[in-house]
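I opened the model to look up a few local features. My entries follow in the order I checked them.

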Amino acid sequence: MSASTSRGTAGAELLAALLDGMDAALCAFDADGTVTHWNREAERVLGWSAEEAVGRPGLAGWAVRRADADDVQRRLMAVMGAPGRRVHEFALLRKDGGRVLVRTQSAGVRGADGKPAGVYCAFSEVHAQIDLERAIALSEALFEDASWGVVLVDVDLRPTVVNAHAARALGAGRTTPLGRPLGELIAQGVEELEGALQHVLAEGAPDAPAELWVTLREGAGTRRRCWRSGFLRLASPLTEEPVPLGAGWVFQDVTEARLAAQEADRLRFRSNQLHRASRSAAECEDPMEAAMASLDFALAGFADHALVDLVAGERLVRAAATPADAPGPCLPVAGGGIPVRYAPGHPALQAVDRTGPVRASAGAGRTDGEWARRRQWPPDAVHVLCTVLRSRGRTLGVVTFLRSAHRSAFERPDAVYAETVAARVAASVDLHLAGGRSGPSGGLPGPSGD
């Protein structure tokens, strides 16, 4: 066998292998319309083998109904002398007699002399083609117009694609996060997010979406958000064994809804506590005992400590307090009646002067207890809310609520709730003082008038 013959045989075998390895069905015709090539995907779609197809004069009577054959053949062969490709849809016949609608792309083949030599035609079932087009359209829509964030990460958990919505949510451009660790964008909550992505890569997608609270890095500050997230494992469709390409992360910002739900739950709980406090106070014979009961119910979920200071002339006298070193009920101070030595500008004194609530915090990193000790508070206190006790137009004293470092600072809604509690406590204290009964400190001076 000559070298040229050997090369020709090798070339033909290579061509056959390439045709058989294609994902699309392919057939080819010579200038006379005779079938010259027929690959394995064409056999899968229509059931006709290459041995049965190659050499037939056209498709009439076996792959196309005779009534449709002339039109199909004319439209296929018309592209032989025309530039570019043509797209058609035909109904072809399977070997078992069934019909299948296919979409074809055909183009002319030219010989070595540049003259038309035939036609090749790639085809696939219309529903498969439409499925592919839908998948592509969906992918493009997700990464351009979706109203939720979409992020693809590789197996190293670094973003590879970020859609416009996700870029805005992350506070970055669409290309800025690519290839960077998620920790560069997320200050807190990144461990939970990366843990979820690692689980997806190892075990697959979870059954239900998850809600993740994260704190985003934003310039010199931070921004806390809640994202309802779904996860998908991405695997290559081009390999026999699934090869992970990474994970898809789809999320929506539900921060406002979650904060509203939390606020509704908080209001519902506090309303229930006030109701329970009223019922408990109604059973107390001693008005001061009723005042302490109101404070005990208010403390649940609200603060760690409570202090009650009553007005004694120009000073405040500690009347009741919760334990400084452990959780416990608010109780009268044993051996009380001694004025509290509050320095000028103390939040409790400010509350009396303003006749309104005063909030304060130790500041970031100040958890050594010194800030609290200087103000006559339990050493673990880092957030304070002082609310004046008012009844019948008079200031009776101040109730101080204290939170430790594991709680957040008091906010305006907390001050509103504290005022509601203080009004109930003040009514009981006023009743106690009006009755002339001995106070929790063995007798307290009367309140100051305004």
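The model is a predicted one, where local features need pLDDT of at least 70 and side-chain atom pairs count only at pLDDT 80 or more, while totals for chains, interfaces and linings use all residues. Residues are numbered from 1 along each chain as its sequence is written, and side-chain values use heavy atoms, with hydrogens and water left out.

**Hairpins**

I found that S4 and strand S5 (residues 116-125) pair in the antiparallel sense over nine bridges. Two strands pair if DSSP finds at least two bridges between them. Strands (E, at least two residues) and helices (H or I, at least four) are DSSP runs numbered from the N terminus. The hairpin of S4 and S5 has five residues between the strands, and glycine 114 there takes a positive phi near 85 degrees.

I then went to strand S3 (residues 85-93), which pairs with strand S4 (residues 99-110) in the antiparallel sense, over nine bridges. Leucine 93 has arginine 99 of S4 as its bridge partner. This hairpin has five residues between S3 and S4, and glycine 97 in the turn has a positive phi of about 100 degrees.

I noted leucine 157, a residue other than glycine with a positive phi, near 65 degrees. Leucine 157 lies in the loop between strand S6 (149-153) and strand S7 (159-162). With a relative accessible area of 7%, leucine 157 is buried. Buried means under 20% relative accessible area, exposed over 50% and partly exposed in between (1.4 Å probe, protein chains only).

I noted glutamine 376 as well, where phi is positive and near 65 degrees. Glutamine 376 is in the loop between helix H11 (370-373) and S16. Its relative accessible area is 38%, so glutamine 376 is partly exposed.

**Serine 49**

I placed serine 49 in the loop between helix H2 (40-46) and helix H3 (50-53). Serine 49 counts as buried at 13% relative accessibility. Leaving out residues up to four places away in sequence, serine 49 touches Trp38 and Glu43; contact means heavy atoms within 4.5 Å.

**H8 against H12**

How do the axes of H8 and H12 cross? I read a crossing at roughly 5 degrees for helix H8 (residues 255-282) and helix H12 (residues 412-434), whose axes come within 12 Å. Axes are lines fitted to C-alpha atoms, for helices over the stretch in contact, and angles run from 0 to 180 degrees between N-to-C directions.

From H8 the contact uses Glu263, Arg270, Gln273, Leu274 and Ser278, and from H12 it uses Pro413, Asp414, Tyr417, Thr420, Val421 and Arg424. I sorted the residues of this contact into four nonpolar, three polar and four charged. Ala, Val, Leu, Ile, Met, Phe, Trp, Tyr, Cys and Pro count as nonpolar, Asp, Glu, Lys and Arg as charged, and the others, Gly among them, as polar.

**Cores**

I checked the largest nonpolar core, which has 29 residues; Met292, Leu295, Phe302, Val308, Leu389, Phe401 and Val421 touch the most other members. Such a core is a set of buried Ala, Val, Leu, Ile, Met, Phe, Trp, Tyr and Cys residues joined through side-chain atoms within 4.5 Å. H12 supplies the largest share of this core, eight residues.
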